[in-house]
Structure formats: structure tokens, C-alpha cells
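Please keep the sequence and the model in view while reading.

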Amino acid sequence: MIVDQQFEAVVRAGLFRDRQHGLHEALQTLFTVRPQLRTEAAIELFRSGEISLLRAAEMAGLDFESFRLLLRDRAIPFEVETQSSAEMDQALHDFFGEPEK
């Protein structure tokens, strides 16, 4: 409760444009001081289907392979979406067109 009062007081004092701005800055600071929280948020957002695997890796500050290994180590299932071979063939055909005979 006291933290809420302190937060509201600094917002009222004009130290932030508004409550949302103050909250955003507070969370950015928290994620900077405790980067593991950013990783946990990325994992949860990925697990719930709210963001892609690539976006989650980026959010966690990891490369794709490191994030994939983290998920594997935690036994968190994931699928990498790919096009079917017919779709890839069509995309190549569309890109390169029909060869001249």
C-alpha cells in the first residue's frame, strides 16, 4: 500500500507525464535491474501464444538458438512453422517465373 501511495505522489508531483508513463518507466527499470524477469515474461507470452518464438527470443535478449535451448531445457514444447513443399515450390515459381524454352 505504501508503494502505491508513493507512486501516486510522484505522479501528482508532475515527475511523470501521467500514471501510464510512470508505470512504464518503473517496469523498464525493473526489467533492467532484474533481466531474468524479462526472460520469464517472454517465455510466458510465447507459451500463451501471444508472441512468436522469434519475438520471444528477442524480448528475452537471446538469439533464436539460445532461446530454443532454454525452452527445451524447461520442457516447453514449441513448433516452428514452415510452408509445405508445394507452397515453397509455388513461391519459387512465382519469384522466378517460367523458364524460357
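## An exposed loop residue

L15 is found in the loop that lies between α1 (2-12) and α2 (19-33), where helices (H or I, at least four residues) and strands (E, at least two) are DSSP runs numbered from the N terminus. L15 counts as exposed because its relative accessibility is 59%, given that buried means under 20% relative accessible area, exposed over 50% and partly exposed in between, with a 1.4 Å probe and protein chains only.

## Basis of the model

This is a predicted model, in which local features need pLDDT of at least 70 and side-chain atom pairs count only at pLDDT 80 or more, while totals for chains, interfaces and linings use all residues. Residues are numbered from 1 along each chain as its sequence is written, and side-chain values use heavy atoms, with hydrogens and water left out.

## Overall form

The protein chain contains six helices and zero strands, so that, by the DSSP runs defined above, its elements from the N terminus on read α-α-α-α-α-α. The radius of gyration of the protein chain is 22 Å, whereas a compact globule of 101 residues would have one near 13 Å; the value is taken over C-alpha atoms, and the globule rule is 2.2 Å times the number of residues to the power 0.38. Along the principal axes, the C-alpha atoms fill a box of roughly 75 × 35 × 20 Å.

Of the 101 residues in the protein chain, 18% count as buried. Among contacts with a separation of 6 or more, 28% come from residues 24 or more positions apart, a contact meaning heavy atoms within 4.5 Å.

## Surface and charge

The accessible surface of the protein chain comes to about 8,200 Å², and 56% of this belongs to carbon and sulfur atoms; the areas come from the Shrake-Rupley method with a 1.4 Å probe, and for residues only the protein chains shown count as cover.

The protein chain carries 11 positive and 18 negative side chains, with the centres of the two sets 10 Å apart. Lys and Arg count as positive and Asp and Glu as negative, while His and the chain ends are not counted, and the place of a charge is taken as NZ of Lys, CZ of Arg, CG of Asp or CD of Glu.

## The nonpolar core

In soluble globular proteins, nonpolar side chains tend to be buried together. A nonpolar core is a set of buried Ala, Val, Leu, Ile, Met, Phe, Trp, Tyr and Cys residues joined through side-chain atoms within 4.5 Å. The largest such core here has 13 residues, of which A42, I43, F46, A56, F67 and L71 touch the most other members. At least two residues of this core are supplied by each of α3 (35-47), α4 (53-60) and α5 (64-73), and α4 gives the most, with five.

A42, placed in helix α3, counts as buried because its relative accessibility is 0%. Not counting residues up to four places away in sequence, A42 touches I51, A56, M59, A60 and F67. F67, with neighbours within four places left aside, is in contact with A42, I43, L53, A56, A57, A60 and L62. T39 also has its place in helix α3, and at 10% relative accessibility T39 counts as buried.

## A positive phi angle

A75 sits in the loop between α5 and α6 (85-96), and its phi is near 60 degrees, a positive value in a residue other than glycine. A75 counts as exposed because its relative accessibility is 65%.
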